[in-house]
Amino acid sequence: MENERKKVLIITYYWPPAGGPGVQRVLKFVKYLPAFGWEPVVLTVQSGEYPAIDKSLLNDIDPTLKVYKLKTLEPFRLYKALFKKKEDKISAFELVNDDGKFSTKISHFMRNNFFIPDARVGFYLRNKKKIKKIVARENPDVLLISSPPPSLLLIGKYLSENIGIKWVADFRDPWIDAFWEKNNNRVKYLQKKMVKIELEILKSADAISCVSPAITKSLANKIQNHKKTYTIFNGFDHTDFSSIEKQGSDKFRMSFIGGLGESQICENFFEGIASLPKNLQKNIEIKIIGNIHDGVTDIIKKYNLSKTVKVKRYQPHNYVISRIINSELLLLFIARNSGEGVISGKFFEYLATGNEILAITDGPNENLNDLLTSCQAGIVKQYDDNFLNYLNIKIGNWQEKKKHVSNLEAIQKYSRKEQTKVLSQLLNNLK
């Protein structure tokens, strides 16, 4: 029947009250799939180790949604005990950055060599038989699994081989080719094993969805099959913006939202701010919000910018939306050596505001540049550029009340609902 309800079981590690863009991709899929004839059921971890908590995201969950939560074996708890970490949650930057300490080197070695394919593999090992029973009970038409962590994708391969269910591997980030996998100190045998596991997973999946064209192309090339790979961008949810209006200010407001690791610190940008005439500096307000590397604080001190640049740790999603709406320039620092196709999930929420975007990379990023150009939303600059002239022009335009105008019509295709429509078509094809 044409109107028959179809069911998709979605497996994800990150689910509210976890915060961050990885949570929101799946959360918004779940929110909008019913509009396209698909009933979602969610299977996730009980009491996971998350880098951020955002209880405001719970408001987006339909109370009738069926959610299964399973216990897991969580090595990060052992990590905190061994290395005397007192924080409730471990920042992603702590797990990939090298601060030169012996304990850090040892912890990175353990993480990359003791847990294959990653340190979340305990969820798969502990629960694969339970998940098989849940699948039998729910009898979904299709399975969708969100990565990272890529170890969850082992569930798709296991179920495909054991019960023949069709499944989608959804990649929010690259896997073997991710920038944090470079110089991972993994022994050669295990690195070869990782490459083999990735290839087996890609071949097992009936469809592969990715957040950017470059990642889609890369994974398609690995299996020499471009017919089962799809690009489904992250996006913005228009309902998050509907109740917030932009307020005027006597300050030129700049904002960065999200994780800011060591490889994303652009000293030239801060030097440009510090080089502005004092009368212009007084008219600037910069907020950096998220899990921020300590090096940012050092740069602020170096250039005596403590009155201009304010750092806030992770904030609830509704606060973040209000801040990016109430900004004149939105900052996007793409990690060095991250390669083509890395587009921050926050980028699309930047887009939704129509405010100007300054994206900073260490090389060509055609996917990002194409999006900015087609939406007339901003510009891409390089880490080693001089920013003084650019900043002078932007602040001067603001003082003269010259407003930036994005192509709002072009931006609408990147709404969460439109991107979920693309996913629903993929699921329809598999069914």
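I began with Ile10 and found that its bridge partner in β4 is Leu144. The model is predicted, so I kept to its thresholds: local features need pLDDT of at least 70, side-chain atom pairs count only at pLDDT 80 or more, and totals for chains, interfaces and linings use all residues. Residues are numbered from 1 along each chain as its sequence is written, and side-chain values use heavy atoms, with hydrogens and water left out.

**Strand β4**

Strand β1 (residues 6–11) runs parallel to β4 and is joined to it by four bridges. Strand β5 (residues 167–171) is also parallel to β4, over five bridges. In β5, I found Val168 opposite Leu144. Between β4 and β5 the chain passes through helix α6 (residues 153–163), and this β-α-β crossover is right-handed (with the strands pointing away from the viewer, the path from the first strand over the helix to the second runs clockwise).

I then checked burial (buried is under 20% relative accessible area, exposed over 50%, partly exposed in between, with a 1.4 Å probe and protein chains only). Six of the six residues of β4 (residues 142–147) are buried, so the strand is largely enclosed by the rest of the structure. Val142, Leu144 and Ser146 point one way, and Leu143, Ile145 and Ser147 the other.

**Lys394**

I located Lys394 in helix α15 (residues 388–399). Lys394 is buried, at 18% relative accessible area. Leaving aside neighbours within four places in sequence, I noted Phe252 and Glu356 in contact with Lys394 (heavy atoms within 4.5 Å).

Terms used. Helix = DSSP H or I, 4+ residues; strand = E, 2+ residues; numbered from the N terminus. Pairing = 2+ DSSP bridges.
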